[in-house]
Amino acid sequence: MAITGRTVVLVALGIIPVLLVPEVTTVLVWAAGVAVVVALDAVLAASVAAVQVERRTAGAVRRGERAESTLTLTNTGRRSLRGVVRDAWQPTAGADANRHRLRIGVEESQRVRTALRPRRRGDLYADRVTIRSYGPLGLAARQASQEVPGVIRVLPEFSSRRHLPSRLARLREMDGRTAVNVRGQGTEFDSLREYVVGDDVRAIDWRATARRQEVVVRTWRPERDRRVLLVLDLSRLSAARLGEAPRLDAGIEACLLMAALATKAGDRVDLIAVDDAVRARVRGTHGATVMPTTADALSQVTPALVEPDWARITQAVRDTLSQRALVVLITGLEAGAAESGLLPAVATIARDHQVIVASATDPDAAALLRARETSAEVFDAAAAERGDLERDALATRLRRTGAEVVERDPESLPPGVADTYLALKAAGRL
């Protein structure tokens, strides 16, 4: 039984006669009267045990988007219910306004909706549903909680999708589906056309030129049906905070943009998320199933405070690919990464595949380099400068293995990786 604010007021009013007639009998009579009235009010309240609750939630939602948890409450008791219901969720689900007033007649139902705005990826679970039923006078209430399971899967935000239309336009230009003067230099023959100023003279088809008595060039379309393997590093390197989010979030955005773009380009996309073991894998999907499957797999990954196992990553690439492909390795370029085995791993993979090594950099590093007014700021600037030099040296060594290196701030990393992919496709290097 729960005591309401009205009961507190009623007890407070009892202080007045007690002060006027300060006798023990008066106090006892007043307390007994209040107790009887409160108990009677609680007895007349509708039974909360007779309320059946069903929950319905959206299966999946992107982080930051609005979702709903809908409760349907059915009163199977013998009295009308007047009260409040609380739909509790994990704090990161964003269920701020989760209390709803109830007025349910006998054998009637009422539906209440709780707005959710998830702030974290992964599966978020509902807590207990608590129902409070007030008596006719509102002096007391019955209260009970029951387990009503509910879960909502929060997918990555995919804010980098705003870069997709411009990259798809470039892809259409490369593929010759829009009117442009210069076509992509892929490896699949497309057609012949008349030579225009600016064309590569190496593309001239001399036999066709002799037949037509005009200069004719071959045109090529970008390669299609290639394999693209996205390798996402989940080790301690992905846990570093870059601005407001960990490095992993920028890697997830790059994976999603690459998956969407490569699928539209006609390539097959696979995904491996790994630290010292493979934590998520997407393989064998195609068409419209690529993006939902990839987003679902990436919703569950989290950084692990372990060293990356480059031998395992190399073996996972071998197990996934049986022919030449594009391997996009998304990790962090730090001085310690070279000693942990990054260079040998990239060199081994680059012998059989085209490799892109992508890394998100700290957007605050530029501010550290500029601020040199105090001795502490000078030391910070020196440390930032040394970090840049070490990363540049590591990137140079990676390029010597044949890999492409993309270093950008978290916002620019996804489009940077996409642009590198388009450049490789246009050059026929996939």
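What follows is a tour of this model, which is predicted.

Start with the overall picture. The protein chain holds 13 helices and 20 strands, and 45% of its 430 residues count as buried. Its accessible surface comes to about 22,000 Å², with 53% of that belonging to carbon and sulfur atoms. Now think about who touches whom along the chain. Among contacts with a separation of 6 or more, 74% are between residues 24 or more positions apart.

Next, find the open sheet of 6 strands. Reading across, the order is β17-β16-β13-β18-β19-β20, and the pairing is mixed. β17 (278–282) and β20 (404–408) are the edge strands, each pairing on one side only. From one strand to the next, the twist averages 15 degrees. What holds such neighbours together? Strands of a sheet pair through backbone hydrogen bonds, either parallel or antiparallel. Take β18 (residues 326–331) and β19 (residues 354–360) as an example: they run parallel and are joined by 6 bridges. If you look at I330, you'll find A358 of β19 standing opposite.

A helix goes with this sheet, too. Helix α6 (residues 247–264) lies across β13, β16, β18 and β19, and runs at about 170 degrees to β13.

Now hop to another pair of strands. β4 (residues 67–75) and β7 run antiparallel, with 8 bridges between them; T70 has R113 in β7 as its bridge partner.

Look at α10 (residues 342–350): 7 of its 9 residues are buried, including L342, V346 and I349. For a contrast, turn to the surface, where L40, V43 and L44 form a nonpolar patch with about 260 Å² of accessible area together. L44 belongs to helix α3 (residues 24–44).

Last stop: charges. Side chains of opposite charge can pair when their charged atoms come close. The count here is 21 salt bridges. One of them joins D87 and R55, whose closest N and O atoms are 2.8 Å apart. This pair links distant parts of the chain, with D87 in strand β5 (residues 81–89) and R55 in strand β2 (residues 51–57), 32 residues apart. Are these two buried or exposed? D87 is buried, with a relative accessible area of 0%, and R55 is buried at 17%.

Another salt bridge brings R236 and E334 together at 3.7 Å, N to O. These two are 98 residues apart: R236 sits in the loop between β13 and β14, and E334 in the loop between β18 and α9. R236 counts as partly exposed because its relative accessibility is 31%, and E334 is partly exposed as well, at 27%.

R312 and D309 make a salt bridge too, with their closest N and O atoms 3.6 Å apart. R312 is partly exposed, at 41% relative accessible area, and D309 is partly exposed at 26%. To finish, look for R63, R121, E157 and D249, which are linked in a network of salt bridges.

Terms used
Residues are numbered from 1 along each chain as its sequence is written. This is a predicted model: local features need pLDDT of at least 70, side-chain atom pairs count only at pLDDT 80 or more; totals for chains, interfaces and linings use all residues. Side-chain values use heavy atoms; hydrogens and water are left out. Two strands pair if DSSP finds at least two bridges between them. Helices (H or I, at least four residues) and strands (E, at least two) are DSSP runs, numbered from the N terminus. Axes are lines fitted to C-alpha atoms, for helices over the stretch in contact, and angles run from 0 to 180 degrees between N-to-C directions. Contact means heavy atoms within 4.5 Å. Patches are made of residues with over 30% relative accessible area and no salt bridge: like charges are joined within 9 Å, nonpolar side chains (Val, Leu, Ile, Met, Phe, Trp, Tyr) within 5 Å. Accessible areas come from the Shrake-Rupley method with a 1.4 Å probe; for residues, only the protein chains shown count as cover. A salt bridge is a side-chain nitrogen of Lys or Arg within 4 Å of a carboxyl oxygen of Asp or Glu. Buried means under 20% relative accessible area, exposed over 50%, partly exposed in between (1.4 Å probe, protein chains only).
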